[in-house]
Amino acid sequence: MERANNSAFSRFILLGFSNQPQLETALFAVILIIYSLSCLGNGAIMLLSTMDPHLHSPMYFFLSNLSFMDLCLTTCTVPQTLANFKGKDKTITYGGCVAQLFIALGLGGVECVLLSVMAYDRYVAVCRPLHYMVIVHPQLCLQLVVTAWLTGFGSSVVQTALTMTLPLCGKNQVDHFFCEVPVMLKLACTNTSVNEAELFAVSVFFLVVPLSLILVSYGHITRAVLKIKSAQGRQKAFGTCGSHLMVVIIFFGTLISMYLQPPSSYSQDVNKSIALFYTLVTPLLNPLIYTLRNKEVKGALRRQMRRILDLRPS
């Protein structure tokens, strides 16, 4: 990159919520609490999925990957946000901004693909239960997860390069609390229509296509469940999919509101609030939804707690 043109400065100023300084102390406390709970919840799911033999199944393999991504996503953005809220120096290095943009974009893409994979997993579990372990075998699970990671971060390489090579003409004030594509495009002192078109195309690929596949999967699931004569059987089948569907609605709803509109039409205060929800609240809700609505996870948690208590010296 031409340093003289694009980044004669070495740091970006993250304005965040500096226009409302009275909120920063309260936001610092709230964000710190939510971040701590998110790390605890996602870490617990990863640990339980590894330690408890009852959770050694494709569903929990995908769920542990989802928790790992949520943990990485919050850690990518939240510590920097907390530091900026509490300190006078509200900056991020140029390299830090590039890394943050790359990681956040990559993880977002991976999660979109992974949620569609989890919908396929639930489709096979409900619609073809007798063949479930044959179809969704460990090798396929690994291949699907690797594909999700490669697709997400492969796209992130392209988006990050196209965004960070735009001429900024000395503009280094980012009206956000982390580096994000639509906000970075606003700093450019050149026509960004190509970048906006690319962002829209990528958003369609990672949002509309996976969401469509998820809806198709759940259409088949609903049709199969309605054929079950037993009310208890229908309730159990819907219960296995309900938690995943809640995660899908929350995750895709926030991202679609962020990316499937031109950056020029963004209200920054609304965009910041949505981004804060996506990067902080959603990773907290995922483990809560899966644990509170899932008997197997709650059972695994109880077994591990009993094991810890049994090991404790009397």
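## Labels and cut-offs

Modeller: L150 lies in helix α6. Helices are DSSP runs of H or I with at least four residues, strands are runs of E with at least two, and both are numbered from the N terminus. The model is predicted, so local features need pLDDT of at least 70 and side-chain atom pairs pLDDT 80 or more, while totals for chains, interfaces and linings use all residues. Residues are numbered from 1 along each chain as its sequence is written, and side-chain values use heavy atoms, without hydrogens and water.

Colleague: What makes the nonpolar surface patch?

Modeller: F61, L142, V146 and L150 make it, and its area is about 370 Å². Patch residues have over 30% relative accessible area and no salt bridge; nonpolar side chains (Val, Leu, Ile, Met, Phe, Trp, Tyr) are joined within 5 Å, like charges within 9 Å. Areas come from the Shrake-Rupley method with a 1.4 Å probe, with only the protein chains shown counting as cover for residues.

Colleague: Which helix gives the most to the nonpolar patch?

Modeller: Helix α6 (residues 138-164) does, with three residues. An α-helix has 3.6 residues a turn, so residues three or four places apart point the same way.

Colleague: How many helices and strands are in the protein?

Modeller: There are 11 helices and three strands. Along the sequence they follow the pattern α-β-α-α-β-α-α-α-β-α-α-α-α-α.

Colleague: How do you know what helix α4 should span?

Modeller: The expected span is 1.5 Å times one less than the number of residues. Helix α4 (residues 94-127) has 34 residues and should therefore span 50 Å; its end C-alpha atoms are 50 Å apart, so the two agree. As for cover, 24 of the 34 residues of α4 are buried.

Colleague: What order do the three strands of the open sheet have?

Modeller: The order is β2-β1-β3, with mixed pairing. β2 (91-93) and β3 (173-174) are edge strands, each pairing on one side only. Two strands pair if DSSP finds at least two bridges between them. β1 and β2 have three bridges and pair in the antiparallel sense; R11 has T93 as its bridge partner in β2. β1 (residues 11-14) is joined to β3 by two bridges, and these strands run parallel. On that side, I13 has Q173 as its bridge partner, and L14 stands opposite V174.

Colleague: Which residues are on the covered face of β1?

Modeller: F12 and L14 are on the covered face, whereas R11 and I13 are on the uncovered one.

Colleague: What joins C97 to C179?

Modeller: A disulfide does, with an S to S distance of 2.0 Å; the term requires two cysteine sulfur atoms within 2.5 Å. The structure holds one disulfide.

Colleague: How many salt bridges does the structure hold?

Modeller: Two. A salt bridge needs a side-chain nitrogen of Lys or Arg within 4 Å of a carboxyl oxygen of Asp or Glu. K272 and D175 qualify at 2.8 Å, N to O. This pair links distant parts of the chain, with K272 in helix α10 (residues 268-292) and D175 in the loop between β3 and α7, 97 residues apart. K272 is buried, with a relative accessible area of 1%, but D175 is partly exposed at 29%. D121 and R122 also form a salt bridge, their closest N and O atoms being 2.8 Å apart, and D121 and R122 are both buried.

Terms used
Buried < 20%, exposed > 50% of the residue type's maximum accessible area, 1.4 Å probe, protein only.
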